[in-house]
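These are my notebook entries on the side-chain contacts that I looked up in one structure.

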Amino acid sequence: MCWVEQHELRLTVDHVHHDDDDDDVESEAHTDTIVVAACSTRLYRRRWLIVFLFSSYSLCNAFQWIQYGIINNIFMKFYNVSSFAIDWLSMIYMLTYIPFIFPVTWLLERKGLRVIALFAASINCVGTWIKVASVQPNLFWVTMLGQFACSFAQVFILGMPSQVASVWFGSDEVSTACAIGVFGNQLGIAIGFLIPPVLVPNVDDINELAQHISFMFYITAAVASLIFLLVVFVFQEKPEIPPSLAQVALRHMPTAQYSYLASISRLFRNKPFILLLISYGLNVGCFYAVSTLLNRMIIEHYPGEEVNAGRIGLTLVIAGVVGSLLCGIWLDKTKSYKETTLSVYLLSFVGMVIYAFTLNLGHLWVVFLTSGLLGFFMTGYLPLGFEFAVELTYPESEGTSSGLLNCSAQIFGIAFTIIQGKIINHFSTLAGNIFLCVFLLIGSIMTGRSSSHDKHFMSMT
């Protein structure tokens, strides 16, 4: 394999050889340098363990994001608070991300993956145990504190999939690995939809309800503790030998050449990236709003169907997991970033329209079907946004571009959740969903205007 890389790279350089002896010497030296770089790449089997471990603690954290919202009415009764207060147990994940993403991204660039992984797993673990101590009707503030800790851990997680993929995987595996990294987060949300309605039934006795809630929190804390120990003893910073030429180049780049603030400044002057930044926020913000308010929307039209509301959320996300993996594989094969991203975005808009106008038909099987369609494209868009951003912004750090995308998503997620919740309260679920449809249409138009730059260094390999 190494010989093939040498041969291809020498052919490329030989085209620029000149008759002048000095030029020949200089060109030949350049060839030798490239050959050494090509031969010094290697893929380790451990890369699959690393991405699996990352996906595991991402899963545990994402589960807790939606575990309150999907049984909104039950936690309202237990803590004797409003539905808006329970909504904030989900929205705190979005709010916390916004001020902390920039220092965390700086820390990622300076300290690397292992330090960030340790922070994420440890803080998430602490949050789960705080929530174990919050199972009393008068301790809503304690459960909010625990959820805040978990939301802080999320800041160390969301921007990592593309970074883990690029540091550990070869150029023809990066999109697939990124999709697997996002998969953990999506699967956690899926389990967060499915498990809480099963573990915490809607019973009237507060003491019995407390036992069910406590059982759920203890299970979560045990899993988080196990994952933390695995991260401590297993998670590795980076492979000894880089997996791609891009990583070879980055390792040989002098530290002084990289400035985090300068990188952000360049990104905000990159018009295609700004369009993607807004359109990504609109799409993922809509998904956050739908997920947070799903219980309220389903219960309004199908009273007493808390368990099925969770199953509908599960369908939404599992379909998205399939979409994410297929899109990741497709990108690795075709590198058609703009076309794939635009197509999936348009289909997300279509899926949202269909979901909005069929929710009130009175047939749960229709809701399952339309939710699956919506999830396949809307959730499947997540890794596409990450990879399209890397394509548009190379050679800027993947962590920086991913962090900005997620920050945009949190801002729109908070705004859409609050506004759609108010629209549902004052008008109807249909009006609230039409509100989201409008912004997905705007996002589709903006995505169409984004154009890919032909600077992606990965194409060299």
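Does Phe100 count as buried or partly exposed, and at what relative accessibility? I read that Phe100 counts as partly exposed, at 30% relative accessibility, where buried means under 20% relative accessible area, exposed over 50% and partly exposed in between, with a 1.4 Å probe and protein chains only.

Before going on, I noted that this is a predicted model, in which local features need pLDDT of at least 70 and side-chain atom pairs count only at pLDDT 80 or more, while totals for chains, interfaces and linings use all residues. Residues are numbered from 1 along each chain as its sequence is written, and side-chain values use heavy atoms, with hydrogens and water left out.

**Entry: nonpolar patch.** I placed Phe100 in helix H5, helices being DSSP runs (H or I, at least four residues) numbered from the N terminus. Together with Trp141, Leu145 and Phe148, Phe100 makes a nonpolar surface patch of about 400 Å². The residues of such a patch have over 30% relative accessible area and no salt bridge, and nonpolar side chains (Val, Leu, Ile, Met, Phe, Trp, Tyr) are joined within 5 Å. The most is given by helix H7 (residues 140–155), with 3 residues.

**Entry: salt bridges.** I searched the whole structure for salt bridges and found 2, each being a side-chain nitrogen of Lys or Arg within 4 Å of a carboxyl oxygen of Asp or Glu. In one, Asp87 pairs with Arg296, their closest N and O atoms being 2.8 Å apart. Asp87 is buried, at 2% relative accessible area, and Arg296 counts as buried at 14%.

I then looked at the salt bridge of Lys77 with Asp204, in which the closest N and O atoms are 3.7 Å apart. This pair links distant parts of the chain, 127 residues apart, with Lys77 in helix H4 (residues 72–79) and Asp204 in the loop between helix H9 (174–199) and helix H10 (206–234). Here Lys77 is partly exposed, with a relative accessible area of 30%, whereas Asp204 counts as exposed at 69%.

**Entry: aromatic rings.** I found 18 aromatic pairs in the whole structure, counting rings of Phe, Tyr and Trp (its six-membered ring) whose centres lie within 6.5 Å, with planes under 30 degrees apart taken as stacked, over 60 as edge-to-face and the rest as tilted. Among them is the edge-to-face pair of Phe84 and Trp88, 6.2 Å centre to centre with 80 degrees between the planes. Both residues lie in helix H5 (residues 83–111), 4 residues apart, about one turn of the helix. The pair of Phe435 and Phe439 is also edge-to-face, at 5.1 Å and 65 degrees, and these two are 4 residues apart in helix H19 (residues 429–449).

**Entry: cysteines.** I counted 0 disulfides, a disulfide being a pair of cysteine sulfur atoms within 2.5 Å.

How values were computed:
Patches are made of residues with over 30% relative accessible area and no salt bridge: like charges are joined within 9 Å, nonpolar side chains (Val, Leu, Ile, Met, Phe, Trp, Tyr) within 5 Å. Accessible areas come from the Shrake-Rupley method with a 1.4 Å probe; for residues, only the protein chains shown count as cover.
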